[in-house]
Amino acid sequence: MLINMNQMLATAKEKHFAVGAFNISESNLFRTVVEAAEANDAPAIISVHPTELDYCKDDFIKYVVARCGNSPVPFVLHLDHGDSIDSVMRAIHCGFTSVMIDGSLLPLEENIEKTAEVVRYCHMLGVSVEGELGTIGDTGTSIEGGMTEVKYTDPDDAEAFVAKTGVDSLAIAIGTCHGLYPKGVTPKLRMDVLKSIKERVDIPLVLHGGSGNPDSEVAEAVEIGIQKVNISSDYKSAFFIKAREILSQEGSGWDPNNIFPACIEVGKAVIAQKMELFNCVGAAKFYREAGTAQWRQELN
């Protein structure tokens, strides 16, 4: 089933779990996420960055929409780090059910103005909107970018931002980075900042740059109140390390059906571990139950 982010994260918030958002840009990575979600009966968010959409093209998204819509587990199709009204409108035209508008590098008032404009357009179409406040770090190994120095989200600014924009979910900066961390670098998340924001903001909170962080810290963040965790590098690196291993073997050939099945399996193992960490394995049942209850209500 294909739903929007409001529907996805409202249940996650109520039942105290988080949902993974996994970036994809082609069919093998997409299969990896979908098959992992179905095998674990877990909700999942299919994220596509504007540069990834440029690569995979709009027609590919038709397949993504159809595949997710026909699945027994719930999916959200989400634009990751949308950078303009144009990129948001393109995503909606393709069938995305959720978008992010990233104005985090703008001054606060400009970020509020830009995000509020996107919220006005999207809410008329039933599309949910994620905003961002504060800056995520950048390890230099991802397409999402970021800043050399993290600017933590100010809890007072977060409260004002949510009130003035009407945004549905908020990505906050508590010490994560996009991409994989260099060897010997262990990130430290500011749980005190997360707790302060949680006290002031009642909408679902998002953790970007979830790859490479200690499991214990991610689990603690979910326990405090993170409902969405973005994962890209962790499962992609496992996928392509396996691909390099296979291609280095003599006689490996070049047929995708010989190369990619093993890559998909190692990627699925990483995603399954993340779903366990987020406490969302088996959580697809909550969405099916909600759908059945709504159907019965409509019949009556």
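Biologist: Is the crossing of α2 and α10 left-handed or right-handed?

Modeller: The crossing of α2 and α10 is right-handed, that is, the near helix is turned clockwise from the far one by less than a right angle, with anticlockwise being left-handed. This is a predicted model, in which local features need pLDDT of at least 70 and side-chain atom pairs count only at pLDDT 80 or more, while totals for chains, interfaces and linings use all residues. Residues are numbered from 1 along each chain as its sequence is written, and side-chain values use heavy atoms, without hydrogens and water.

Biologist: At what angle do α2 and α10 pack?

Modeller: The angle is about 120°, and the axes of α2 and α10 are 12 Å apart. Axes are lines fitted to C-alpha atoms, for helices over the stretch in contact, with angles from 0 to 180 degrees between N-to-C directions. The angle therefore makes α2 oblique to α10 (under 35 degrees is roughly parallel, over 145 roughly antiparallel, 65 to 115 roughly perpendicular, and the rest oblique).

Biologist: Which residues of α2 and α10 meet?

Modeller: On the α2 side they are Asn28, Leu29, Thr32 and Val33, and these meet Tyr235, Lys236, Phe239 and Phe240 of α10. Contact means heavy atoms within 4.5 Å.

Biologist: And how do α10 and α11 pack?

Modeller: Helix α10 covers residues 233-247 and helix α11 covers residues 256-277; their axes are 8 Å apart, at an angle of about 155°. The two helices are therefore roughly antiparallel, and their crossing is right-handed. Among the residues making this contact are Tyr235, Phe239 and Ile246 of α10, together with Phe260, Ile264 and Gly267 of α11.

Biologist: How do the axes of α2 and α11 cross?

Modeller: Helix α2, residues 27-39, has its axis within 8 Å of that of α11, and the two cross at roughly 45°. They are therefore oblique to each other, and α2 passes α11 in a right-handed crossing. The contact includes Asn28, Thr32 and Val33 of α2, and Phe260, Ile264 and Gly267 of α11.

Biologist: How many helices and strands does the protein chain have?

Modeller: There are 12 helices and 10 strands, taken as DSSP runs numbered from the N terminus (helices are H or I with at least four residues, strands E with at least two). The chain has 300 residues, of which 53% count as buried (buried is under 20% relative accessible area, exposed is over 50%, and partly exposed is in between, with a 1.4 Å probe and protein chains only). Of the contacts between residues at least 6 apart in sequence, 74% join residues at least 24 apart.

Biologist: Now for the rings. How many aromatic pairs does a search of the whole structure find?

Modeller: The search finds seven. Rings of Phe, Tyr and Trp (its six-membered ring) pair if their centres lie within 6.5 Å; planes under 30 degrees apart count as stacked, over 60 as edge-to-face and the rest as tilted. One of the pairs is Phe17 with Phe286, which is stacked, at 6.3 Å centre to centre and 15° between the planes.

Biologist: Where do Phe17 and Phe286 lie?

Modeller: Phe17 is in the loop between α1 (5-15) and β1 (19-23), whereas Phe286 is in helix α12 (residues 284-299), so the pair ties together parts 269 residues apart in sequence. Phe17 is buried, at 2% relative accessibility, and Phe286 is partly exposed, at 23%.

Biologist: What sort of aromatic pair do Phe60 and Tyr63 form?

Modeller: Their pair is tilted, with 5.9 Å centre to centre and 55° between the planes. Both residues lie in helix α4 (residues 58-69), three residues apart, about one turn of the helix. Phe60 is buried at 16% relative accessible area, while Tyr63 is partly exposed at 37%. Phe60 and Tyr63 form one aromatic cluster with Phe30.

Biologist: Last topic: backbone angles. What is the phi of His81?

Modeller: His81 has a positive phi of about 55°, although it is not a glycine. Most residues other than glycine have a negative phi. His81 is in strand β3 (residues 75-82) and is buried, at 6% relative accessible area.

Biologist: And where is Asp41?

Modeller: Asp41 is in the loop between α2 and β2 (44-48). Its phi is positive, about 45°, although it is not a glycine, and Asp41 is partly exposed at 24% relative accessibility.
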